[in-house]
Amino acid sequence: PPGEKGTHMIVPTAPVVGNRSAPVDAAKTAAIFGTILIHASAMGGFAWETGSANWVWALFWGSVLRCAVPVFFLCSGALLLDPQKNVTVRRVWTHYIPRIAAALFFWAAAYGAWPVFLTWLRTGVVEAEGLRMWGENLLFWRHKTHLYYLHIILLVYALLPITRFFAARADRKLRNYALGVWFVLGCVLPVLWAFWPLSQVGGIPAQYPINVTWGAVGYSLLGRALTEEAPRFRPRTFAWMYLAGLAVTFGGTWGLSLLRGQLYLGFLQGNAPGVCLEAAGLYGWCVSRFSGGAGPRWSKTVSQASFCVYLVHLFFLEELVSRGFSAGAYSPVWAVPALTAAVFAVSLGVWLILRRIPVVNRWLI
């Protein structure tokens with residue numbers, strides 16, 4: 001196929017240095033910067049007039065690594081669907097799921113308690129209603145929005161024994177067919193269903209699209225497939241794939257937002273076609289580029305810190321925004337990357353501290 005390195009160069013897996021995968025470390029590094037970039041652009045960036053230069057810059061920064069969370073799912077699939085890895089039903093329910101659940105409820109409790117604590121600092125009063133809502137939200141899974149990633153990964157982990165069985169036994173043709181069905185039903189249809197004539201379809205066919213939550217299972221399978229297949233292709237093949245995805249995400253959102261007079265979110269969803277192409281292109285590039293060698297040295301550290309940074313970064317981002325430093329107060333062309341760099345640096349510092357506490361390091365970050 002075009003872009004292939006050579007008919008005799010077939011590398012079955014991505015390089016693993018020690019207990020780490022160089023492509024996964026590189027991809028997770030990009031993904032965590034992308035996560036902060038998305039949130040920094042969204043906090044005030046779209047308050048500018050739709051179509052204005054500042055609004056376009058906010059959209060650009062919010063699109064350039066829109067695939068951040070899907071890339072995390074790709075990385076999970078690459079590692080956990082490896083047939084050489086011992087993942088049993090027992091291990092899923094005694095190791096993977098308890099760890100994610102512990103982190104989820106701890107940080108959900110922390111984010112929920114933070115406003116109550118700030119109110120107490122200002123007034124000296126702990127509001128009973130605030131405490132009641134805090135407990136109720138925690139109990140009924142009404143958690144901080146960005147913790148949705150943990151909600152979804154619990155489902156992905158619960159299905160691991162099934163997806164591992166399929167990944168290990170399906171030949172390339174069947175696997176590619178499954179991924180094709182997933183892409184059509186999970187990425188293309190959910191977007192097209194908002195437009196005529198599919199918007200007029202009712203009944204059972206209206207339920208054919210796969211929602212973003214279940215679509216994450218497809219991303220995990222795609223991650224494993226790319227890990228096996230991407231080393232056969234040149235990095236530029238995946239660079240073009242990423243750029244095509246960015247063009248669809250950025251261009252589609254820009255055009256439809258101008259048409260509708262407000263931000264259109266359909267092309268920004270984690271399962272949108274452009275976002276999927278971005279994710280596959282970025283992760284595929286990392287696998288192709290770092291096959292047979294190590295990635296950047298610093299990517300290992302950032303990758304190790306990425307889960308903690310993901311969990312804590314909104315504390316600092318929201319604090320900066322509350323103090324007037326946002327993409328809505330200053331030009332997004334520089335404010336968004338500046339916010340991203342500042343929040344990442346502080347969040348990384350938190351990880352450097354928390355990782356020294358054994359229980360916290362094992363269960364909460």
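This is a predicted model: local features need pLDDT of at least 70, side-chain atom pairs count only at pLDDT 80 or more; totals for chains, interfaces and linings use all residues.
Me: What is the phi of W141, and is it positive or negative?

Reply: Most residues other than glycine have a negative phi. W141 is not a glycine, yet its phi is positive, at about 60 degrees.

Me: Is W141 buried, partly exposed or exposed?

Reply: Buried means under 20% relative accessible area, exposed over 50%, and partly exposed in between (1.4 Å probe, protein chains only). W141 has a relative accessible area of 43%, so W141 is partly exposed.

Me: Which two residues does the cis peptide bond join?

Reply: Most peptide bonds are trans. Here one with an omega of about 10 degrees is cis. Its proline lies in the loop between α8 (172-192) and α9. The two residues are W196 and P197.

Me: How many helices and strands are there in the chain?

Reply: Both are DSSP runs, numbered from the N terminus: helices are H or I with at least four residues, and strands are E with at least two. By that count the chain has 14 helices and two strands.

Me: What is the radius of gyration of the chain?

Reply: The radius is taken over C-alpha atoms, and the globule rule is 2.2 Å times the number of residues to the power 0.38. For 365 residues a compact globule would come out near 21 Å, which agrees with the chain. Along the principal axes, the C-alpha trace spans about 70 × 55 × 45 Å. The radius of gyration of the chain is 21 Å.

Me: What percentage of the contacts in the chain with a separation of 6 or more comes from residues 24 or more positions apart?

Reply: A contact means heavy atoms within 4.5 Å. Among contacts with a separation of 6 or more, the share from residues 24 or more positions apart is 82%.

Me: How far apart in space are V212 and A272, C-alpha to C-alpha?

Reply: V212 is also in helix α9 and counts as partly exposed at 40% relative accessibility. Leaving out residues up to four places away in sequence, V212 touches G270 and N271. A272 is 60 residues from V212 in sequence, and the C-alpha distance between them is 8.9 Å.

Me: Which residues does T35 touch, not counting residues up to four places away in sequence?

Reply: T35 is part of helix α1 (residues 22-42). Its relative accessible area is 3%, so T35 is buried. Beyond those sequence neighbours, T35 touches A68, F72, Y310 and H313.

Me: What is the C-alpha to C-alpha distance between L339 and A327?

Reply: L339 lies in helix α13 (residues 332-354) and is buried, with a relative accessible area of 0%. L339 and A327 are twelve residues apart in sequence, and their C-alpha atoms are separated by 8.5 Å.

Me: How far apart in space are E319 and V343?

Reply: E319 is in helix α12 (residues 297-322) and is partly exposed because its relative accessibility is 29%. In sequence E319 and V343 are 24 residues apart; in space, C-alpha to C-alpha, the distance is 10.0 Å.

Terms used. Residues are numbered from 1 along each chain as its sequence is written. Side-chain values use heavy atoms; hydrogens and water are left out.
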